[in-house]
Amino acid sequence: MKKKYIYFFGNNKADGNARMKDLLGGKGANLAEMANLGFPVPPGFTITTEACDEYNRQNKKFPTGLQSEIDKNLTRLEREMGAKLGDPNNPLLVSVRSGAAASMPGMMDTVLNLGLNPDSIQGLINKTNNERFPRDAYRRFINMFGNVVMGMKHHDFEEIIARHKKKAKVENDTDLNAEQLKNICKDFIAIYKKRTGSDFPLDPKEQLRKAIIAVFDSWNNPRAVKYRKIYDISGLLGTAVNIQAMVFGNTGNNSATGVCFTRNPSNGENKFYGEFLLNAQGEDVVAGIRTPEPISDLAKELPIAYKKLVNIKNKLEKHYKDLQDIEFTIQEGKLFMLQTRNGKRTTQAAVKIAVDMVKEKLIDKKTAINRIEPNQLDQLLHPTFNPKAKRNVIASGLPASPGAASGKVTFHADEAEKLAAKNEKIILVRIETSPEDIGGMHVAQGILTTKGGMTSHAAVVARGMGTCCVAGCGGIQVDYEKEEFTVGEKTIKKGDYISLDGTRGEVILGQVPTVEPTLCGDFGKLMKWTDEFRRLKVRTNADTPEDAQRARDFGAEGIGLCRTEHMFFGEDRIDYVRQMILTAGNVTKLKISVNEAKAELNKAPKKKLSSLNNKKNNIQSKLKESQRLYKGALNKLLPMQRSDFTKIFKVMNGFPVTIRLLDPPLHEFLPNEKHLQIELAKKMGMNPKEVKDRVDSLHETNPMLGLRGCRLGITYPDIYEMQVKAIIQAACAVKKQNIKVFPEIMVPLVGTDEEMKVLKNDIKIIAEKVLTEKGAKINYKIGTMIEIPRAALTADRIAKYAEFFSFGTNDLTQMTFGYSRDDVGSFVPQYTERGLLEKDPFQVLDQDGVGQLVTTGIKKGRQTKPDLKIGICGEHGGEPSSIQFCNRNGMDYVSCSPFRVPIARLSSAQSAIKEKQ
Ligand code: PEP
Ligand code: MG
């Protein structure tokens with residue numbers, strides 16, 4: 001069957017309707033709908049997005065049949081209007097506007113007043129007895145046509161107008177008279193010819209064809225392409241083109257044009273909101289050439305038209321059951337509707353409008369929940385820059401942790417702490433961060449790194465803290481020695497002010513004022529509604545009682561990941577941690593030496609016995625001393641860990657708390673710089689060389705693939721023993737206070753069932769011993785992270801020894817792709833830019849690859865234990881599309897940083913609603 005490329009809309013009826021957005025674009029579909037509803041829409045027709053798609057696919061050629069459909073529909077339009085395009089006696093003028101299925105405000109092109117030439121101008125003058133208006137329309141037409149169709153700069157035209165206004169000694173465009181406008185048109189035509197090398201087209205049919213082509217082409221203009229990328233708009237065919245009879249808001253003071261919203265799109269207030277200009281055309285409002293009046297003043301200026309507008313906007317909102325963004329024109333007192341669409345709004349407004357509309361019984365709770373884009377909620381949870389403030393952006397990186405921050409540049413974490421103690425506001429600037437920097441990161445207003453991706457240390461920690469962070473900002477060169485960074489020609493020194501926009505990933509010179517977030521009651525209400533629909537539980541990744549409390553406030557139902565290593569960096573304990581690491585190495589080394597000495601002794605001739613015995617005793621006493629120090633350090637750490645866990649259990653008050661045993665490679669806890677090693681040796685009463693040797697011995701080529709996770713627990717069992725004791729003792733203490741407690745002990749980085757078997761056995765023995773000592777009963781679980789591909793593939797065997805699984809998708813992504821999670825900043829942005837990767841897989845779960853391992857892990861795990869509790873604690877646990885994946889695949893919970901808890905609640909609810917539908 002022959003394809004239909006054009007849909008007509010006329011008085012009270014249209015070929016299309018609002019459900020045909022994909023084909024007619026939002027604007028075309030809604031114009032058709034308004035015509036069907038009987039609202040005053042100037043007649044016209046819409047060329048489909050399919051036509052645009054075919055035009056682009058056929059190397060910019062009109063698809064067969066399109067031109068004849070245009071001609072036919074134009075004739076129909078002319079009949080309906082009783083005027084003809086280009087008719088010198090009774091000319092029809094049309095607008096040509098773009099409109100894709102997804103609204104992309106201002107991204108594509110529009111041409112108004114098409115059909116004007118000297119003959120039709122004369123015709124209009126004769127018909128309306130108004131010489132100024134057609135000449136005003138003509139100069140606008142030449143300008144728009146030159147700009148949109150021929151790619152001329154607006155500047156060329158603006159210069160001419162400015163010159164004429166100066167000559168005429170007038171300030172506003174509206175003060176120019178017909179004669180002056182006529183002269184402007186003459187100059188416009190001349191500059192058109194100069195810039196384009198061709199005459200301005202006088203044949204209206206040629207004008208129309210060229211304008212349609214320009215609109216088709218605008219689908220792929222750089223700003224439209226960028227907009228679609230930013231807003232993740234994909235899978236659309238192209239733009240539709242709307243050709244519509246012109247109505248004029250610029251025929252005098254009983255005409256006007258305006259843009260309005262059925263409610264306030266900024267704060268959601270249910271109050272008619274908008275602006276208008278008397279004697280103007282649409283683009284004047286948008287371009288800000290004149291300052292428009294508030295819509296309420298239209299009631300005084302043109303009361304009949306205003307009343308009608310209010311009536312129609314009320315009906316439109318009821319009909320669409322959503323905030324409408326409306327464009328209208330009033331010609332000689334008569335109102336015409338030019339557009340309606342669901343209006344863009346701030347998150348605050350989105351939440352208020354959704355909740356209000358449920359109250360007004362316009363929509364149900366499910367619809368309200370689906371109206372909010374989960375990631376948008378971030379805006380409600382962090383301070384933001386005042387949108388009115390000026391920004392001098394000097395560099396851009398990854399928007400690693402949202403929010404806004406200003407402060408003095410500092411390059412060292414310890415200095416940041418000192419300055420923060422003096423109430424200074426700090427931006428910590430690092431090439432990359434390490435756990436050593438945690439204190440400085442904690443006190444900083446914002447963190448800027450030049451290396452690292454969205455799951456780099458800086459990014460993960462900053463998100464957990466809710467601290468704004470821009471990561472992987474490659475355009476910046478940091479010089480720690482000079483304590484400055486350079487970006488292009490600019491040098492920013494320690495103490496200079498910069499600002500970070502963690503939502504956009506921008507680095508801004510100087511201080512930008514912020515506004516505090518206000519969590520209004522509607523937000524809480526909406527969040528409660530999500531709980532009625534979701535199946536997934538939402539937990540949090542939190543390592544401190546403060547973070548745990550914040551997450552509870554946001555509705556977290558437990559902790560899915562408590563990374564114990566972050567507790568090791570507290571000022572009161574880092575020395576003991578270091579003592580533990582340094583002596584643990586000695587203990588292992590000396591144990592070997594003792595065995596060697598014993599063996600030597602056994603084989604030795606009599607005369608050497610005494611000296612070898614002395615040697616053995618000597619090593620044994622060194623071993624004893626190291627063991628004493630090692631145990632001493634662990635004994636110091638135990639009560640500290642116990643107190644950490646006690647506080648967290650209390651905050652979680654009966655919700656499950658998953659505590660992960662120590663995971664990172666030990667070198668992360670020791671200083672790398674020489675002077676710090678000397679200082680540490682002094683503190684530990686050791687020889688600096690010993691410290692250096694230990695640091696060197698811990699050095700690994702690929703530390704992420706080395707001695708970390710459960711491998712640590714197997715190599716240094718006393719560390720896990722101390723942690724398990726602390727967990728169970730804390731649980732007993734909390735239970736004694738009649739607080740329910742459900743600890744879940746989690747083993748990291750398991751790759752084989754044998755590892756899990758050994759560790760589960762060890763953990764159980766320790767835990768049971770504590771419980772026997774205390775005479776207590778605690779409902780605890782022992783489980784593992786699934787973060788190594790092999791673990792996912794052998795999950796059926798691992799599940800024999802695990803009571804729960806938590807997918808660590810950060811490491812799982814790292815190991816599945818073979819991308820270092822701390823170094824992706826150097827290539828992933830280019831990959832996504834060039835389309836080699838659709839998304840950064842550390843931000844959005846790669847469902848095709850990593851996802852397969854997750855589904856396999858779930859399936860195999862539940863083959864062994866059908867009711868195995870399964871969750872996710874990688875960064876993806878707070879990302880909407882990944883949460884949907886977790887929901888679909890039957891996980892029990894997701895766990896994410898405290899600030900993402902509301903996002904996860906909303907996403908889970910949306911996913912559950914979708915699944916039911
Ligand atoms: C993970 O790997 O997904 C995880 C949660 O652990 P971490 O980020 O601490 O390695
Ligand atoms: Mg991990």
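Residues are numbered from 1 along each chain as its sequence is written, chains are lettered from A and ligands numbered from 1 in the order in which they are written. In this predicted model, local features need pLDDT of at least 70 and side-chain atom pairs count only at pLDDT 80 or more, while totals for chains, interfaces and linings use all residues; side-chain values use heavy atoms, with hydrogens and water left out.

Ligand 1 is surrounded by 14 residues, a residue being counted if one of its heavy atoms lies within 4 Å of the ligand. The closest are R563, G808, N810, D811 and R821. By class, this shell holds 3 nonpolar, 4 polar and 7 charged residues (Ala, Val, Leu, Ile, Met, Phe, Trp, Tyr, Cys and Pro count as nonpolar, Asp, Glu, Lys and Arg as charged, and the others, Gly among them, as polar). Strand β28 (559-563) and helix α30 (809-817) each contribute at least two residues to the shell, and α30 provides the largest share, with 3 residues. Such elements are DSSP runs numbered from the N terminus (helices, H or I, at least four residues; strands, E, at least two).

Oxygen atoms of ligand 1 take part in polar contacts, defined as pairs of N or O atoms within 3.5 Å. A polar backbone atom of N810 lies 2.7 Å from a ligand oxygen, and a backbone N or O atom of G808 lies 3.3 Å from one. In the side chain of R821, an N or O atom is 2.7 Å from an oxygen of ligand 1. On its own, the ligand has 290 Å² of accessible area, of which the protein covers 96% (Shrake-Rupley method, 1.4 Å probe).

Helix α30 also packs against helix α32 (residues 850-864): their axes come within 9 Å and cross at roughly 120°. Axes are lines fitted to C-alpha atoms over the stretch in contact, and angles run from 0 to 180 degrees between N-to-C directions. The angle makes α30 oblique to α32 (under 35 degrees is roughly parallel, over 145 roughly antiparallel, 65 to 115 roughly perpendicular and the rest oblique).

Helices α26 (residues 717-736) and α27 (residues 753-774) pack at about 40°, with axes 9 Å apart; α26 is therefore oblique to α27. For α4 (residues 118-128) and α5 (residues 132-149), the angle is about 150° and the axes are 8 Å apart, so these two helices are roughly antiparallel.

Methods. A polar contact is a pair of N or O atoms within 3.5 Å; within protein, one must be able to donate a hydrogen and the other to accept it, and residues adjacent in sequence count only if both atoms are side-chain atoms.
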